[in-house]
Amino acid sequence: MRSIFIIIICVAALANYSFAQQYDCDYKVEVITNGTEFAKEELFWRMKATKLWGKSTNITGLTEITDSNGRIIKKYKPWANESISKQKTSNEYSHNLKESYKYKITGEIKVECNDENKDNNVDVKTIKK
C-alpha cells in the first residue's frame, strides 16, 4: 500500500512539472526604416518579429521614439498578446519629427515562450531629420 501511495505522489508531481514547464524558443525583432537621414515627412518605419526556432507563441511589441536627450517623443504598441507562428510585421508608421535632430527608434518584443536569447529582442535604429 505504501508503494502505491509513493507512485501516486510521483505521478502527480511529474504531471504538475510538465504543465508548469514552458517550452523554449528564440524570436528576434527588427526596426525597418526607409533610410537613416530624412527630410520632413519622409520617415516611414515598421517593426518585424521573426521566429528563429521553437513553437508558435503570443507576442507583444513595444516601440518608442526618443530624441538625443533621451526624452520620449512617441510610443507605439504594434501587437498586444497576438499570435505569431513564423513572422509578424507591423503596419507602416510615420511621425512628423523636428528637423536637424537625431532620434532613436527602439523596438522590443516580449513572447510567452522561454526565449533563450533575449539579446535579439530589442533593436535600435538611429535616424537624423
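This is a predicted model: local features need pLDDT of at least 70, side-chain atom pairs count only at pLDDT 80 or more; totals for chains, interfaces and linings use all residues.
**The whole chain**

Colour by secondary structure to display 1 helix and 8 strands; followed along the sequence, the order is α-β-β-β-β-β-β-β-β. Of the 129 residues, 30% are buried. Among contacts with a separation of 6 or more, 67% join residues 24 or more positions apart.

**Aspartate 67**

Next, select strand E3, residues 57-67, and within this strand aspartate 67. Is this residue buried or exposed? Aspartate 67 counts as buried because its relative accessibility is 10%, and the limit for that class is under 20%. Display its side chain together with asparagine 69: the side chain of aspartate 67 reaches the backbone nitrogen of that residue at 2.9 Å. Beyond residues up to four places away in sequence, aspartate 67 touches Ile73, Lys102 and Tyr103.

**Lysine 88**

Now proceed to strand E5, residues 87-89, and select lysine 88. With a relative accessibility of 19%, lysine 88 also counts as buried, since the class requires a value under 20%. Which backbone atom does its side chain reach? The side chain of lysine 88 reaches the backbone oxygen of serine 83 at 3.3 Å. To view the surroundings, select Met47, Lys48, Ala49, Ile59, Trp79, Glu82 and Ser83, which are in contact with lysine 88 when neighbours within four places in sequence are left aside.

Notes
Residues are numbered from 1 along each chain as its sequence is written. Side-chain values use heavy atoms; hydrogens and water are left out. Helices (H or I, at least four residues) and strands (E, at least two) are DSSP runs, numbered from the N terminus. Buried means under 20% relative accessible area, exposed over 50%, partly exposed in between (1.4 Å probe, protein chains only). A polar contact is a pair of N or O atoms within 3.5 Å; within protein, one must be able to donate a hydrogen and the other to accept it, and residues adjacent in sequence count only if both atoms are side-chain atoms. Contact means heavy atoms within 4.5 Å.
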